[in-house]
Amino acid sequence: MRTAMKFNQCVQQQAPENSDNKVWKWHIQDPASQRLTWNKPPKSVLVIKKIQDASLLQPFKELCVFLTEKNMIVYVERKVLADPAIAADESFAAVIQKFCTFREDLDDISNRVDFIICLGGDGTLLYASSLFQKSVPPVMAFHLGSLGFLTPFNFDTYQSQVTQIIEGNTAIILRSRLRVRVVKESREKKARVDEKGIIMTNGDSEGSRKAMQYQVLNEVVVDRGPSSYLSNVDLFLDGHLITTVQGDGVIVSTPTGSTAYAVAAGASMIHPNVPAIMITPICPHSLSFRPIVVPAGVELKIMLSRDARNTAWVSFDGRKRQEICHGDSITITTSCFPVPSICFRDPVNDWFESLAQCLHWNVRKKQNYLSSEEDEF
């Protein structure tokens, strides 16, 4: 059973004053004041390591030894232990025996894990998010990958940092996710048997539909795939057609995802505490199609336009890529299950630190000081 935890969240409220004219007020909590506290000490932890990365073997072993010495129940994905470099290490065998293992898409550990530790880059955190389709345990991400925008912790001081998390009262940020529902028309041909007993198809298809749901932390990307034609998809907002995207595709991202593919396509960067959804066209065949931000509560729907020359392809945080045909639909809204990401300092400072260190935001050579003599010229 997962240890109960509490989050202090940003709250908005209306407060009419005692006057003839009502005055509407907002109460917005400082994002830096959001804290994670435990009702009782956590007992179990999920350790996620980037697969087939030799540079992570030693940090992974050190961390697991440290956690078991603290009497923590350690969950590890079964395919991680299949790595020959881990399985063949006799000095690590005693620690492996204490692990609880699971398999992706087969074993449900959502109510067994108190918090998560990620070893790797941003992709490791995205993978951790995909393992939990409902409530997500708090995630502590160590920067052991290439970019590290979402991984604020340095592994050099992991013992003191992990101990602080176990003791509780740490800063946290709730990263919103997208709840995505894909409905695909069944295209299986109806079979019939003629008088000679030969099975034939008549070109008609069954009317059944197949629905799939995903929780997405960064973005949903709809693109033209291998086709050389423009992508041609209709975009609906709360049931109303707002535009048709003609170009290479469209990105629907969370504020967390606004600094990923979306920013490369020309979108603005949104702080993760802002409740919003970003819509960014990919190479639109229009000079006036700019990225837009819509409220987090709306429902978006994407479908192939009736006159589209080709199909489209969709992916979710870069995974589960699949083809979208006429009659299929993609419905997107903000999920009720965010990813609680543990901060190194606080949500504001960590974000600007990542902008500066990872994206070199607003890096420019300083302009020289102009002396009074030079000013005269």
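**Entry 1: E9 and its sheet.** I looked up strand E9 (residues 178-185) and found 8 bridges joining it to E12, the two running antiparallel. Strands here are DSSP runs of E with at least two residues, helices are runs of H or I with at least four, and both are numbered from the N terminus. Leu-178 has Val-216 as its bridge partner in E12.

I then traced the sheet. It is open, with 6 strands in the order E12-E9-E22-E19-E14-E15 and antiparallel pairing. Strands pair when DSSP finds at least two bridges between them. Strand E12 (209-216) and strand E15 (240-247) are at the edges, each with a single partner strand, so one side of each has no neighbour in the sheet. Direction ignored, neighbouring strands of this sheet are turned by 20° against each other on average. For angles, axes are lines fitted to C-alpha atoms, for helices over the stretch in contact, and values run from 0 to 180 degrees between N-to-C directions.

**Entry 2: the model.** This is a predicted model: local features need pLDDT of at least 70, side-chain atom pairs count only at pLDDT 80 or more, and totals for chains, interfaces and linings use all residues. Residues are numbered from 1 along each chain as its sequence is written, and side-chain values use heavy atoms, without hydrogens and water.

**Entry 3: whole chain.** I noted 9 helices and 23 strands in the chain. Of its 377 residues, 46% count as buried. Buried means under 20% relative accessible area, exposed over 50%, and partly exposed in between (1.4 Å probe, protein chains only). Among contacts (heavy atoms within 4.5 Å) with a separation of 6 or more, 71% come from residues 24 or more positions apart.

**Entry 4: cores.** I looked for nonpolar cores, meaning sets of buried Ala, Val, Leu, Ile, Met, Phe, Trp, Tyr and Cys residues joined through side-chain atoms within 4.5 Å. The largest has 33 residues; those with the most contacts inside it include Phe-60, Leu-63 and Phe-99. Helix H1 (residues 57-69) gives the largest share of this core, 6 residues. Apart from it lies another core of 29 residues, among them Val-216, Leu-235, Ala-308 and Ile-324.

Beyond its neighbours within four places in sequence, Phe-99 contacts Phe-60, Cys-64, Val-74, Val-76, Leu-81 and Phe-92.

**Entry 5: Ile-270.** Where is Ile-270? I found Ile-270 in the loop between helix H7 (261-264) and strand E17 (276-282). Ile-270 counts as buried because its relative accessibility is 10%. Residues up to four places away in sequence aside, Ile-270 touches Pro-255, Ser-258, Met-278, Val-293 and Trp-351.
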